[in-house]
Amino acid sequence: RMQHAQSRNGGGGEGDWTNLFSTSSFDLPTLLKNNDISYSTQAHLGRVYAALMATTAFAGVGVVANMYMHIPPLITSIAMMYLMYNLHFSSHNQHADPSQKLPQLMLFGLVQGMSVGSLVELALFVDPMIVAQAFGTTVAVFASFAAVATFSQRRSYLYLAGTLASACSFLLMASLFNSFFLQSAGMFNAELYLGLSVFIGYVVFDTQMII
């Protein structure tokens, strides 16, 4: 089984991209392994992030398109739900064509960009630097912490799961408490930066889950 997985991840060509959407059964011993990460696995992870970058580029195209077309949010929301449903359940369909999933992912990125186009347009109207700073900061944070997980030769970051889940639960309760009782700006800022820290941790955790 391991040799079969390495042969899938280590090769080149179109088949490598279709393997991004293939699924396998849950394997607890594999999840708990703490062995070194192979080169083929790192190459597969590179293809995963290449697909993510392409999806982000299509989302940018969708933002620009929506600024001119002003598509109603209801239409983009329905389209996103359909694409998410199709991508998720086709992964479990043995008869589905894997080569069709990458174009569907790009289309999802396009529709996602359209759905936030109005918000981005408003931010550009207030201050164009808001969008540039948000994009640059997001790319820097994601790239830095994904690199930490990618080049780490151990899977110790998988043990962040419990801590991150607990932090998310705390953030939810704190947000509800602040909304209904405290209504404190300081508490809101604390939630904002703690939430940023939690999702930075999820970048590292999810990267090693992909591995």
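This is a predicted model: local features need pLDDT of at least 70, side-chain atom pairs count only at pLDDT 80 or more; totals for chains, interfaces and linings use all residues.
Q: What share of the protein chain counts as buried?
A: The chain has 211 residues, and 30% of them count as buried.

Q: Among contacts between residues at least 6 apart in sequence, what percentage join residues at least 24 apart?
A: In this chain the figure is 85%.

Q: How are two packed helices described?
A: Take H9 and H10. Their axes lie 10 Å apart, at an angle of about 160°. Angles over 145 degrees count as roughly antiparallel, so H9 and H10 are roughly antiparallel to each other. Their crossing is left-handed.

Q: Which residues of H9 and H10 meet?
A: On the H9 side they are Ala161, Leu164, Ala165, Ala167, Cys168, Phe170, Leu171, Ala174, Ser175 and Asn178. H10 brings Met187, Phe188, Glu191, Leu194, Gly195, Val198, Gly201, Tyr202 and Phe205. By class, this contact has 14 nonpolar, four polar and one charged residues.

Q: Where do nonpolar side chains tend to be in soluble globular proteins?
A: In such proteins they tend to be buried together. Now the case here. The largest nonpolar core has five residues: Leu164, Ala167, Leu171, Val198 and Phe205. The largest share, three residues, comes from H9.

Q: Which residues does valine 198 touch, not counting residues up to four places away in sequence?
A: Valine 198 touches Leu164, Ala167, Cys168 and Leu171. Leu164, Ala167 and Leu171 are also listed in the core.

Q: Is phenylalanine 205 buried or exposed?
A: The cut-off for buried is under 20% relative accessible area. Phenylalanine 205 has 12% relative accessibility, so it counts as buried. Its place is in helix H10. Phenylalanine 205 and tyrosine 159 are 46 residues apart in sequence, and their C-alpha atoms are 8.2 Å apart in space.

Q: Is asparagine 178 buried or exposed?
A: Asparagine 178 counts as buried, because its relative accessibility is 7%. This residue is found in helix H9. Leaving out residues up to four places away in sequence, asparagine 178 touches Gln183, Ser184, Met187, Phe188 and Glu191.

Q: What does serine 197 count as by relative accessibility?
A: Serine 197 counts as partly exposed, at 46% relative accessibility. Its place is in helix H10. Serine 197 and leucine 164 are 33 residues apart in sequence and 9.5 Å apart in space, C-alpha to C-alpha.

Q: At what angle do H4 and H6 cross?
A: The axes of H4 and helix H6 (residues 101-115) cross at roughly 40°. They come within 6 Å. At that angle H4 and H6 are oblique to each other. H4 passes H6 in a right-handed crossing.

Q: Which residues of H4 and H6 meet?
A: H4 contributes Ala51, Ala54, Thr55, Phe58, Ala59, Val61, Gly62, Val63, Ala65 and Asn66. From H6 come Leu102, Leu105, Met106, Gly109, Leu110, Gly113 and Met114. The contact residues divide into 12 nonpolar, five polar and no charged.

Q: At what angle do H4 and H7 pack?
A: Helix H4 (residues 39-69) and helix H7 (residues 117-126) pack at about 80°, with axes 8 Å apart. That makes H4 roughly perpendicular to H7. H4 uses Val63, Asn66 and Met67 for this contact, and H7 uses Gly117, Ser118, Val120, Glu121 and Leu124. Sorted by class, the contact has four nonpolar, three polar and one charged residues.

How values were computed: Residues are numbered from 1 along each chain as its sequence is written. Side-chain values use heavy atoms; hydrogens and water are left out. A nonpolar core is a set of buried Ala, Val, Leu, Ile, Met, Phe, Trp, Tyr and Cys residues joined through side-chain atoms within 4.5 Å. Buried means under 20% relative accessible area, exposed over 50%, partly exposed in between (1.4 Å probe, protein chains only). Helices (H or I, at least four residues) and strands (E, at least two) are DSSP runs, numbered from the N terminus. Contact means heavy atoms within 4.5 Å. Axes are lines fitted to C-alpha atoms, for helices over the stretch in contact, and angles run from 0 to 180 degrees between N-to-C directions. Angles under 35 degrees count as roughly parallel, over 145 as roughly antiparallel, 65 to 115 as roughly perpendicular and the rest as oblique. A crossing is left-handed if the near helix is turned anticlockwise from the far one by less than a right angle, and right-handed if clockwise. Ala, Val, Leu, Ile, Met, Phe, Trp, Tyr, Cys and Pro count as nonpolar, Asp, Glu, Lys and Arg as charged, and the others, Gly among them, as polar.
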